[in-house]
There are 2 protein chains.
Amino acid sequence: MKARIFVTLKDGVLDPQGQAIEGALAALGFDGVGAVRQGKVFDIELADPVDGEARLKAMCEKLLANTVIEDYEIELS
Amino acid sequence: MKARIFVTLKDGVLDPQGQAIEGALAALGFDGVGAVRQGKVFDIELADPVDGEARLKAMCEKLLANTVIEDYEIELS
């Protein structure tokens, strides 16, 4: 079983990396680029699909995301 | 127009960060976790949807991805 997990900063949390990318895109001549937010994506393979989503959620809570400032989404495939 | 861009390491490119996460998950007691690969995700807002996909592709080629070792996917919403 494969899963993709997105970890993104919560709304309202400052994202200096995203702002730097915004500035760099403007400097390269890309106009009309609004907010850019950067996050992380994890592609994980689970040997055993039983309780997969619950286990992935626990992984996010314990290790992959800092839930004070980050949100996570789990996509199973 | 909103877009989400995924930038992930190509297959065969070593991912030490992913391996560290794999080790940490095992140390936390999560069994049966196979390969973990880490990548980046960018959420971008474009003011003007005209030619959006082509412009996003150009942004990936020029700034967001290192196409020697990374692949990118564009998801429009």
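## Symmetry

In this predicted model, a 180° rotation with 0.0 Å of shift along its axis places chain B on chain A, with an RMSD of 0.0 Å. The two copies are thus related as by a two-fold rotation axis. In chain B, the residue that comes closest to the axis is B:K40, its C-alpha lying at 2.3 Å.

This is a predicted model, where local features need pLDDT of at least 70 and side-chain atom pairs count only at pLDDT 80 or more, while totals for chains, interfaces and linings use all residues. Residues are numbered from 1 along each chain as its sequence is written, chains are lettered from A and ligands numbered from 1 in the order in which they are written, and side-chain values use heavy atoms, leaving out hydrogens and water.

## Interface

Chain B contributes 32 residues to the contact, and chain A contributes 32 residues; contact means heavy atoms within 4.5 Å. The copies meet through the same surface, because 100% of the interface residues of chain B are also interface residues in chain A.

About 2,700 Å² is buried between the chains, with carbon and sulfur atoms giving 65%. Buried area is the accessible area (1.4 Å probe) lost when two parts are put together, summed over both. B:F30, B:V41 and B:L63 supply 18% of what chain B buries against chain A, more than any other three residues.

Two salt bridges cross the interface (a side-chain nitrogen of Lys or Arg within 4 Å of a carboxyl oxygen of Asp or Glu). A:E73 forms a salt bridge with B:R4, the closest N and O atoms being 3.6 Å apart.

On chain B, β1 (2-9), α1 (16-27), β2 (33-46) and α2 (52-64) each supply at least two residues of the side that touches chain A. Helices (H or I, at least four residues) and strands (E, at least two) are DSSP runs, numbered from the N terminus. β2(B) gives the most, with 14 residues.

## Strand pairing

Strand β2 (residues 33-46) of chain A is joined to β2(B) by 11 bridges, and the two run antiparallel. Strands pair if DSSP finds at least two bridges between them. A:V36 has B:I44 as its bridge partner in β2(B).

## Salt bridges overall

Over all chains, a search of the whole structure finds eight salt bridges. A:D43 and A:R4 meet through their side chains in a salt bridge (2.8 Å, N to O). This pair links distant parts of the chain, 39 residues apart: A:D43 sits in strand β2 of chain A, and A:R4 in strand β1 (residues 2-9) of chain A.

Terms used. Least-squares fit on C-alpha atoms with pLDDT ≥ 70 in both.
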